[in-house]
Amino acid sequence: MTAMTIAEMRTQVRAVVDIDSTDISDTVMNNMLGQGFDLIVYSEKRWPFFEVRTTFPTAADTKDYTLTTIAAAPDAVSQGLREVMALRNDDHVLEYIGSDDADWNYPLNVATVGSPWEWSFWNDTVRFYPTPDAVQTVYVRGLRNATSFGVGTADGTEPDLPDPFHPVLVTYAIGKAYLQQEDPVMANQYHAQFLADLDNVARRYADVPAPQPMVANSRRPTRYLAGFGALRYANTGGVVW
């Protein structure tokens, strides 16, 4: 699959709809492409191509750390973090707990400090339990924000998506262009094609990781704990009930 720049996408859209820049300007077309880009980015919570690793230091007597703080130096994530998926320090993995459980287990009138063992996530902020009593390095696995695309994007820029998504984005813009040209029939057809193409491509990226089965209603998170020497359904990622 060949990558496409935003200028090449505009050319493709205009060729299909049989229009030129006097019908839809570059600025308006870029806006349409940007809308489609955002729709793809936010159609799935955990796109694997936005996965990142980073680290950040805790501070003594500080329990809350925003996503902005976590994404900052020393291992800066330039686009910023969108989600935190897992945390650990040099000694152990920190367990995620819900905010309700945290409120129950760590009452405000009891000061607990030490090396953190648990964390919660609320309002784009990580909270550690107990409160760190010293500087520690925390290792993060998370999802970064996508690099913005659309309005103001330079002509030679490609969208921050794998190549197979580029023609899907073009299909979205074609539908929008037909709608702008007051052809709702063709607009609806291309929008339906966009949804079908997006679903097809997304399945290739949002699938269960091949080395590990999907776990449903079980506390056995790996195929080894589940007692399997190999995946039950190697072609699908497997399901353990």
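Colleague: Is the crossing in which H1 passes H5 left-handed or right-handed?
Modeller: This is a predicted model. In it, helix H1 spans residues 6-17 and helix H5 spans residues 166-180. The crossing of H1 past H5 is right-handed.

Colleague: Are H1 and H5 parallel or oblique to each other?
Modeller: The axes of the two helices lie 9 Å apart, at an angle of about 50 degrees. Angles under 35 degrees count as roughly parallel and 65 to 115 as roughly perpendicular. The angle of H1 to H5 therefore makes the pair oblique.

Colleague: How many charged residues are in the contact of H1 with H5?
Modeller: From H1, the residues in contact include Met-9, Val-13 and Val-16. From H5, they include Leu-169, Ile-174 and Tyr-178. By class, the contact has ten nonpolar residues and two polar ones, and the number of charged residues is none.

Colleague: What span does H2 reach from its first C-alpha to its last?
Modeller: H2 covers residues 26-41, which is 16 residues. At 1.5 Å a residue the expected span is 22 Å, and H2 comes close to that, reaching 22 Å.

Colleague: Which elements are included in what covers the buried residues of H2?
Modeller: Among the buried residues of H2 are Met-29, Leu-33, Phe-37 and Ile-40. Their cover includes strand E3 (81-88), H1, H5 and helix H6.

Colleague: Is Pro-116 buried or exposed?
Modeller: Pro-116 sits in the loop between helix H4 and strand E5. Residues that Pro-116 touches include His-92, Phe-128, Tyr-129 and Pro-130. Buried means under 20% relative accessible area. Pro-116 has 3%, so Pro-116 is buried.

Terms used: Residues numbered from 1 in each chain as written. Predicted model: local features only at pLDDT ≥ 70, side-chain atom pairs only at ≥ 80, totals over all residues. Heavy atoms only, no water. Axes fitted to C-alpha atoms, helices over the stretch in contact; angles between N-to-C directions. Helix = DSSP H or I, 4+ residues; strand = E, 2+ residues; numbered from the N terminus. Parallel < 35°, antiparallel > 145°, perpendicular 65-115°, else oblique. Left-handed = near helix turned anticlockwise from the far one by under 90°. Contact = heavy atoms within 4.5 Å. Nonpolar A, V, L, I, M, F, W, Y, C, P; charged D, E, K, R; others polar. Expected span 1.5 Å × (residues − 1). Buried < 20%, exposed > 50% of the residue type's maximum accessible area, 1.4 Å probe, protein only. Lists of a residue's contacts leave out its neighbours within four places in sequence.
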